[in-house]
2 protein chains.
Amino acid sequence: MKVAVLGYGTVGVGVYEMLKAAESLEPGPVLVRPGKVDTDFKVSSIDDIVGDPSVDAVAEVMGGVEPAFTYAMAAIRAGKHFVTSNKALVAAKGVELNRAAREAGVCFLFSAACGGGVPILHNLARAARTDEILSVGGILNGTTNFMLDQMQSTGKDYADALKQAQELGYAEADPTADVTGLDALRKIMLACAVAWGILPQSGLLNEGIDSLSAEDVKDFMERGYVCRLVASGQRAEDGRISAYVEPVLVRAGDAESAVLKNYNMARYEGRNAGPIAMIGQGAGRYPTASAVLRDLSGICQGESAMFPADCIDGAADNSAAVHAYYMRLPKTCADAVPTAKILADDGNVIRILTKCVSVQNMHACAAELRKAGQKVFFAAVREA
Amino acid sequence: MKVAVLGYGTVGVGVYEMLKAAESLEPGPVLVRPGKVDTDFKVSSIDDIVGDPSVDAVAEVMGGVEPAFTYAMAAIRAGKHFVTSNKALVAAKGVELNRAAREAGVCFLFSAACGGGVPILHNLARAARTDEILSVGGILNGTTNFMLDQMQSTGKDYADALKQAQELGYAEADPTADVTGLDALRKIMLACAVAWGILPQSGLLNEGIDSLSAEDVKDFMERGYVCRLVASGQRAEDGRISAYVEPVLVRAGDAESAVLKNYNMARYEGRNAGPIAMIGQGAGRYPTASAVLRDLSGICQGESAMFPADCIDGAADNSAAVHAYYMRLPKTCADAVPTAKILADDGNVIRILTKCVSVQNMHACAAELRKAGQKVFFAAVREA
């Protein structure tokens, strides 16, 4: 199978190298920006790929919704299989791509878009065919996990942890999508669609780690907690789907606390299979490229889709997901949330454990306080 | 696809129930012992299954090499796909079954034989097609993990932990295969064959947990260690494959230490994908049945084999795998192993940290001492 590659950045180079080494796959043309065509195998027009009858499949690793979406639809309509690592594309346009691919009779796979080298979506799709998936989630962003691990193991503050992540190539120059939880949110959107055939487009909530301070870390570590940025998706009995990202305080000794550096831990729970967790490198050239290659090889073995045939866009509802939170806020705002226990009070800033509140209300409360110029941090508390 | 089931014990009932609920699968006849045919769907002769043209696939969950092997070959030769949870069968006869299935043009899958609900073999097979697998292994036996967890969290001695495992249905009346590491060894044999196309039949080593005492647990826990029974497979640069099972002392905080109760943690490392670990329930009716169902559904999706086409029987070589061990032995036998440090000495029994020795030499040394009537315990030491 001959595979064209769209994009020749970190992951694109990895995909191209692995294609050269693979047995039943071979690299086709690689799409680069005009002016970057410096060797034989590079082209700068998508037409040179879509119009090339020798190309069987297209692997897109450019990132961003456009022009990736336009290119993807052109490739699919030209009868090429389409594999991508692009979570922004699939989160926004996955339903349309799934429909187009099925109409064209081609395969549409995107393992690398969630978990990098961790094969969570593939296994979720496989499990969903014969088991009822109860929940999906986990630590799906390696950049923030690296930063949290650094802050907790060395006492670094947020700015230093971010700077270090950028120096090591774990965080981009603009780290917004990672540190606000948006990147993890896109991944949990994909997992929901694979598990339940609904790609939530509204009602989603994401709280990142950009409000976390070295003092917060010091305080909750003294209380025996470790912080992780966790994505959660769940289907209630009535069919409603919750989907959100927020910091979670787990106990040292919980499985998540052993997920260090820039690793991911993706999980799902099947009614029959029980809970399954998968740990590995969630990003990086070769881990991500290896996921693209497994999808391409999977096509040769008969794999064709991750979303079910009737997958639709839908809405998330986070009003029924309820738990207690750890919260740091100005003492003058103490009434904003129902307090179960005051953990610390320095006269200006208090740290509290809230009563059980819904994810929706908690995120709304924090947004309200921030709108009023107040500084707050919150994290769900996982009790034993 | 109509699926006949061989065996109607714990897993067989689960497979039958899940087949009834599955969309693209339906249950066929179930083979039970003569005298146990009490309803319509049960038969007591394999001929009623092999000779039934409406049966597309056979799921074998009886256990044991015979008569399972004879039945499997009959089914394969009759053109039925063959799926099994039977690690003893595949460890002994996997190469022959793989060859027969490929000759007959049918599928041969056995996810449930290693890791129960944890989809390690499927992912390993998928990864091996486009990546070089460097190592395989992990905590592959839930019974012993439950016992270790109990001994370490409650101070129970070995006999009490075993009794509790039996009462809960985690250990069989004859627990030999579990507690000696033989069960985990069979699983690592399968993983080696999936990863490298060589099913080791000789040179294998397994040390279980049946020499572990409450005093041992107390001692190494005070030193900050947690014990796990770990299976290891590795391919050296020269192509030799090591394959062995032994207790390993990991640091509290290592990922393995968070694997509690009867859970499994299976892992592999790919040159490109990096290390991948999968945690879940390694046994039990529905976790294991769910693995059988995923294989059957996988056949509908185009999956056909886990062993490569040219998979052969071979030998393991554990002479080049080298590390330090924790060892408890009689003081009079102190010369048996090269000592790096004496950890404890009560006049009769000493606890030592050995210098780096090969797995082969360490297992041989313990066997020698036991042959002479001496009591010893040893565990590899994982250093940070």
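Modeller: One term before that: two residues are in contact if their C-beta atoms, placed from the backbone, lie within 7 Å. Keep in mind that this is a predicted model. With that, the buried residues of helix 1 of chain B pack against strand 1 (2-6), strand 2 (26-31), strand 4 (57-60) and helix 11 of chain B.

Colleague: Which residues of helix 1 of chain B are buried?

Modeller: In helix 1 of chain B, the buried residues are B:Val11, B:Gly12, B:Gly14, B:Val15, B:Tyr16, B:Met18 and B:Leu19.

Colleague: What span should helix 1 of chain B have, and how far apart are its end C-alpha atoms?

Modeller: Helix 1 of chain B covers residues 10-21, and at 1.5 Å a residue its 12 residues should span 16 Å. The end C-alpha atoms are 17 Å apart, which agrees.

Colleague: Switching to the sheet in chain A. What is the strand order?

Modeller: The order is 3-2-1-4-5-6, in an open sheet of six strands with parallel pairing. Strand 3 (42-43) and strand 6 (108-109) of chain A are the edge strands, each pairing on one side only.

Colleague: How many bridges join strand 1 to strand 4 of chain A?

Modeller: Four bridges, with strand 1 (residues 2-6) and strand 4 (residues 57-60) of chain A running parallel. Within that pairing, A:Ala4 stands opposite A:Val58 of strand 4.

Colleague: And the domains of chain A, where are they?

Modeller: Domain 1 of chain A is 2-113 and domain 2 is 322-381. Taken over C-alpha atoms, their centres are separated by 45 Å.

Colleague: Now the two chains. How many residues does each put into the contact?

Modeller: Chain A gives 37 residues and chain B gives 37 residues. On the chain B side, helix 5 (120-128), strand 13 (274-281) and helix 11 (285-301) each supply at least two residues. Helix 11 of chain B gives the most, with nine residues. By class, the side of chain B that touches chain A has 17 nonpolar, 14 polar and six charged residues.

Colleague: In which sense do the two copies of strand 13 pair?

Modeller: Antiparallel, over three bridges between strand 13 of chain A and strand 13 of chain B. The bridge partner of A:Met278 is B:Met278.

Key. Residues numbered from 1 in each chain as written. Chains lettered and ligands numbered in written order. Predicted model: local features only at pLDDT ≥ 70, side-chain atom pairs only at ≥ 80, totals over all residues. Nonpolar A, V, L, I, M, F, W, Y, C, P; charged D, E, K, R; others polar. Pairing = 2+ DSSP bridges. Domains from an automatic or database assignment. Expected span 1.5 Å × (residues − 1). Buried ≥ 20, exposed ≤ 12 C-beta atoms within 10 Å, placed from the backbone.
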